[in-house]
Amino acid sequence: MPKGLRVFSGRDVISILYFGLVVLGIAYFLGEGDVVTFFSTIKEIFPISENWEAIRQLMLNAWNEGSLGTTKNGESFEAIVLEYFPRSLLVIITAFFLAVTFGIAKGIFDYRNRYTYLNMLGTGITSFLSSLPDFFMILVLQWFMMIHLHFIDVLGYEQWHNFILPGILVSLYPMMYFARMTFTALANEDGEMYIQYARAKGLTEKMVVFKHIMKKCVHTILQYLGVVMTYVVSNLLIVEWLMDYKGAAWRMMVAIKRMNEFPEVGLIIEFSFCFMVLLFITQIVSVTLQNKYAVEKRNMWVQITKVVFQYLFIWFFILFIMSYLNPM
Amino acid sequence: MKNWSLWTGLLLLGLMLFISYIGPHLPFIEHTPPEHRMRFYENGEFGRAPFPPSKEDLLGTDREARDILSLIILGAKDTLKIIVLITVIRYIIAIPLAFLASTKKGIAYMVTNGWHSLFGSIPTIFAAILLVEIVAVDELGNGMYWKVFLISLIEVGRVSYIFAHEIYDVSQKEFVKASVTVGSTPFQLSVMHYLPTISQSLVVNFFNDLARVTLLIGQLALFEYFIEHAIEYIPGGGIFHEEAGYNSKTGIFDWPGLLSAARYEVMRAAWIALSPAVALTLLLLTFQLLSEGFRKMFERPVSSGKNRVVRSLIEQVSETFVSSRIAGPVTLAVFLVIVGIVVVSGVEKRVTEVTVPVEEVEIPGFIEDGRYERKDGQLVPTTEATTRKGGHYDKLSYLEQHMTKRSEQEYETDTLLFYCQFIGDGRCDQPKITFKEPVSTTEEAFGLLQEHLPDDVMVDEIRQTTERSIYLLSSKRMEESYAMTATLNISQIKVTFEITPEDKIEEATVQTGHW
């Protein structure tokens, strides 16, 4: 092998042995000293045959009736998704938009003020806010608004403007993440020749940052769009749950929570599919935009196919797990 | 003190260890929950739990009048133990995998990469909820360890991916290639070159992962998934002593367990939700500061010279220590020893005392006017019912007299179907009412319910939306009859009528409180 320099023949064998060891170790520990107990428990928890049956049933339902099922009141799951998902979509779009625009702005601000006394306002606040747990921020803000800002209608979803507040809350954490990533990307370019050249030409600092450094960094920064969306979705779960905002994430959690009373597996699958599609679209947009700003253009379609396969893989894994979501 | 994040982090870590090991022996800690939820003061006033923060209880109490400061201190050790355990398991599995995957090819790399891209693309909290939900861990004896393994497995891929790339980068360096030419085996290479190089980032990343795990178990708790203590929340606003509210089966709450009350309490008694949130946040900040501090320490071997002898001596020692090869391994070893001690000593389960000394509480005379009697040292209201035909918070026997009994929880009249959602002290709490014939207006529906609501009920407010209309009511009789033993807002009743898409009303729920 020319690239790896040292070839460890049999590394794969050792890998397989290692996986076996890990599985056995876990089995020994969880089976309380008895490996067989563990495997029989696993068999009990994950009955393979029933699982296939569940998936088949679901597919049949979808094929024959065009629906994955109905709720207790006889509403089809699709109607529920159409009712709840738009509410969440508004929040997601608001949050994503805020996170990206303000995140980049904050990153640039942090970069430009990194050596001035404003640094505390810049990187200081960014790293402080991004190290606070999201639930803490939401709880404190919610509490603060309940006590000091009565006029804001915190709870509710009926009015048209109700999505703004959850949108802002959801966007905070991804915004700080994006700001940090922008800052890192910009700071990595420090001391490069082209920057010195641009400064030597007598360009203003603004011109240097926006026209030269930013243009080169956009490619790197765009890589993080997918992660930002992941953070938005995960924060959405928490915000909707804590604020009782009746959106898709809230409805999905309710369905998961009352699995034992009346199972709505189809509904959970449909909601997660919607979220997966969102993540997928963001990833595709990210890849396309990256390609647009790349210095050396590579074949975009190869990357897009890669993303498609990655998400198909993830989706099948989620589907596989969900087929075990059965009432106990 | 240039590396302030390291020092602050160490200080906070010291505080956390102090709280978890010495804290439970401090004199002001309440080890047993109090018997009564009421307190009587000298001037004849009295109050009901939860009590806000005061001199007596610095952080207030929860609904069972337990002191939150005590709960937090008692739960600290369990919280730390779980977090460290999850992270240690994750690293034990991930690091050898990273070594195997470091050539960026072969099975190990494929697994690492797949694992990373799988759980890296979906929100971690979502993956954790799904995994915990499908494994019916509560039925297993060692369910806690199942959950620990599940949660630690989620991010094994990420950790292993990071280190595989780091080791790969090192393997491309000149000194490694030189070592290969003199005939070092991969094992020798790993021990001599890879481990010392990555051990520094291992320490940094380990603390970072501790912080991530803290965040994750905090988030899980908000959705009421717990690792260690099975905690039950029985909805209903905590009307009955034994039944509603938060209860931990072992009597101990770890911090996530306390935090889980947040969703219900942040509007009413913010201190119950905020104190554990602050505690978890502090813990998370500790880990992050340590991670940041260690990174700075390894990054910055040169420090500014000051003329003080002791200081320069310390600096010299630490400089030689940091710049020498052993810095990483020694920190790693010290750190592993500490982790080992925490895990091993944490595994011993605490035994909770079962016997609770019964205290007699002096009851002011004004309560003893026949509305309450004492049974086994507890106040019990004597009022049977406040409604004419049986309803919310009435004795089941009273309901039986006026309605046809279908089962323990279900009662029937000509027009209505009564379903008691909760039963405690032989009372029907917060019933759900189904109209046999769907009613078209809320006024009519409310009229039908009138006989099943307290007879002096007053309508405070009516809220109308397209999907439901809510009547906020209050009743003085309820207050007089039950206030001493039930929740704060027993006099307030909320009736919610669900409006179906066909503009009919089929269902109504009666709840306590106006929120």
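1. First, a term you'll need: a crossing of two helices is called right-handed if the near helix is turned clockwise from the far one by less than a right angle, and left-handed if anticlockwise. Keep in mind, too, that this is a predicted model.

2. The crossing of α2(B) and α8(B) is right-handed.

3. Which residues make this contact? From α2(B) they include B:Ile82, B:Ile83, B:Ile86 and B:Phe99, and from α8(B) they include B:Phe206, B:Leu210, B:Val213 and B:Ile217. Sorted by type, the residues where α2(B) meets α8(B) come out as 9 nonpolar, 3 polar and 2 charged.

4. Next, have a look at helix α15 (residues 442–449) of chain B, where B:Ala445, B:Phe446 and B:Leu449 are the buried residues. Viewed down the axis of α15(B), they sit within an arc of 100 degrees, so they line one face of the helix. Over on the other side of α15(B), you'll find B:Glu443, B:Glu444 and B:Gly447 exposed.

5. What do the buried residues of α15(B) pack against? Their partners are β11 (427–439), β13 (468–474), β14 (492–499) and β15 (505–512) of chain B.

6. Finally, chain A. It has 13 helices and 0 strands, and 34% of its 328 residues count as buried. Among the chain A contacts with a separation of 6 or more, 72% join residues 24 or more positions apart.

Terms used
Residues are numbered from 1 along each chain as its sequence is written. Chains are lettered from A and ligands numbered from 1 in the order in which they are written. This is a predicted model: local features need pLDDT of at least 70, side-chain atom pairs count only at pLDDT 80 or more; totals for chains, interfaces and linings use all residues. Helices (H or I, at least four residues) and strands (E, at least two) are DSSP runs, numbered from the N terminus. A residue is buried if 20 or more other C-beta atoms lie within 10 Å of its own, exposed if 12 or fewer, and partly exposed in between; C-beta atoms are placed from the backbone. Two residues are in contact if their C-beta atoms, placed from the backbone, lie within 7 Å. Ala, Val, Leu, Ile, Met, Phe, Trp, Tyr, Cys and Pro count as nonpolar, Asp, Glu, Lys and Arg as charged, and the others, Gly among them, as polar. The arc is that of the directions from the helix axis to the C-beta atoms.
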